Each structure stands twice: as structure tokens, then as C-alpha cells.
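Let's take a quick tour of a protein model and see how some of its side chains pair up. Keep the structure open while you read.

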Amino acid sequence: MHYLERYAAPAAQLRRVLARKIALSCRHHGEDPAAHAAALEDVVSRCIGSGLVDDRRFAEARAATLRRRGRSARAVAATLTAKGVGRELAARASSVGDAEELAAARKAARRKRLGPWSRGDRAASRQKDLAAMARAGFSITIARAVIDGAADEDANGGALT
């Protein structure tokens with residue numbers, strides 16, 4: 001309960017945390033962790049049943065946080081999947097429109113000082129900036145729109161070219 005008070009977590013993450021704590025306690029007391037597997041599953045199922053753990057709610061909240069930080073839809077889906085959210089749910093939670101993806105790409109470029117926000121020669125570093133945006137999970141269309149765009153446009157402005 002203390003873990004869930006501090007952190008939002010999907011069921012798979014809660015299961016991993018509790019299994020790690022059980023293994024540590026069993027190692028200290030000289031017991032077999034497999035003996036506590038049924039209790040672990042019971043606790044996880046009770047947390048899901050009572051609403052303390054909700055994978056959908058976690059995925060939506062975490063996806064919104066990551067998008068505000070400028071993460072691409074692909075990166076958001078990968079992060080959610082790594083946390084233990086199912087692939088279908090991660091894909092639904094991370095799906096966004098072109099305008100939202102463009103806004104996230106602009107935030108990422110501003111944070112990394114790419115394209116219009118770079119301090120050096122933009123033309124010389126264009127390929128490296130596009131590669132950085134691609135590694136961040138943005139499509140080439142979005143990356144070109146951001147890297148070749150102007151820095152003074154607002155975060156929601158600018159059309160895809």
C-alpha cells in the first residue's frame with residue numbers, strides 16, 4: 001500500500017515490485033519465494049479489484065505526461081509497454097493527431113536545441129538534427145517541419161509540409 005500511495009503503477013509493475021520485496025525478505029529469512037506466489041497474486045488481484053491499480057488510467061496519465069515533455073507517440077508507446085502496459089492499451093493511449101505530434105516535436109527540438117533553436121549553423125547541422133528527431137521517434141515529415149521551421153511560431157502553429 002505504501003508503494004501505491006507514492007507511485008501510480010500498472011499491475012505488472014506492482015507485481016514486479018512485490019516479487020522483488022518478497023525475494024529480499026525470503027533471502028533474509030532463508031525461505032523459498034515460490035511459497036509466497038499465491039499471496040502475491042492475491043494482493044495484486046485485490047488491488048485491481050478495488051480500483052487502486054488501473055492499467056488504463058495509468059496509461060492515459062503517463063502518456064499525457066510524456067507528451068507534455070515532448071515525447072513522440074512511438075516513444076510514449078514504448079515507455080508504456082516497458083512499464084508493463086499491454087501493447088494494445090499502450091497504442092491507444094499514445095495515439096495522437098498530427099497537430100499534437102508536431103507540438104511534441106517542437107518541444108523536443110527546443111529542449112535539445114535543434115533546428116531553429118540551435119546556436120550554431122543550422123544548415124551544417126540539419127542532417128544531425130533530423131537524425132536526432134528520428135531517434136526520438138518522430139516521422140521524417142514531422143522532423144522536417146520542425147527542423148526547417150521558424151523558432152518564433154507558437155507551439156501549436158505551423159502546418160505540415
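This is a predicted model: local features need pLDDT of at least 70, side-chain atom pairs count only at pLDDT 80 or more; totals for chains, interfaces and linings use all residues.

Residues are numbered from 1 along each chain as its sequence is written, and side-chain values use heavy atoms, with hydrogens and water left out.

- You'll find 6 salt bridges in the structure (a side-chain nitrogen of Lys or Arg within 4 Å of a carboxyl oxygen of Asp or Glu).
- Arg56 pairs with Glu60 at 3.1 Å, N to O, and both sit in helix α4 (residues 55-68), 4 residues apart, about one turn of the helix.
- Helices here are DSSP runs (H or I, at least four residues), numbered from the N terminus.
- Arg57 pairs with Asp54 at 4.0 Å, N to O.
- Arg57 is partly exposed at 42% relative accessibility (buried is under 20% relative accessible area, exposed over 50%, partly exposed in between, with a 1.4 Å probe and protein chains only).

**A link across the sequence**
- Asp148 and Arg126 form a salt bridge at 2.9 Å, N to O.
- Asp148 lies in the segment after α9 (140-147) and Arg126 in helix α8, so the pair ties together parts that are 22 residues apart in sequence.

**A loop residue**
- Ser118 lies in the loop between α7 (98-112) and α8 (126-135).
- Ser118 counts as buried, at 19% relative accessibility.
- The Ser118 side chain reaches the backbone oxygen of Gly115 at 3.0 Å.

Terms used: Helices (H or I, at least four residues) and strands (E, at least two) are DSSP runs, numbered from the N terminus. A polar contact is a pair of N or O atoms within 3.5 Å; within protein, one must be able to donate a hydrogen and the other to accept it, and residues adjacent in sequence count only if both atoms are side-chain atoms.
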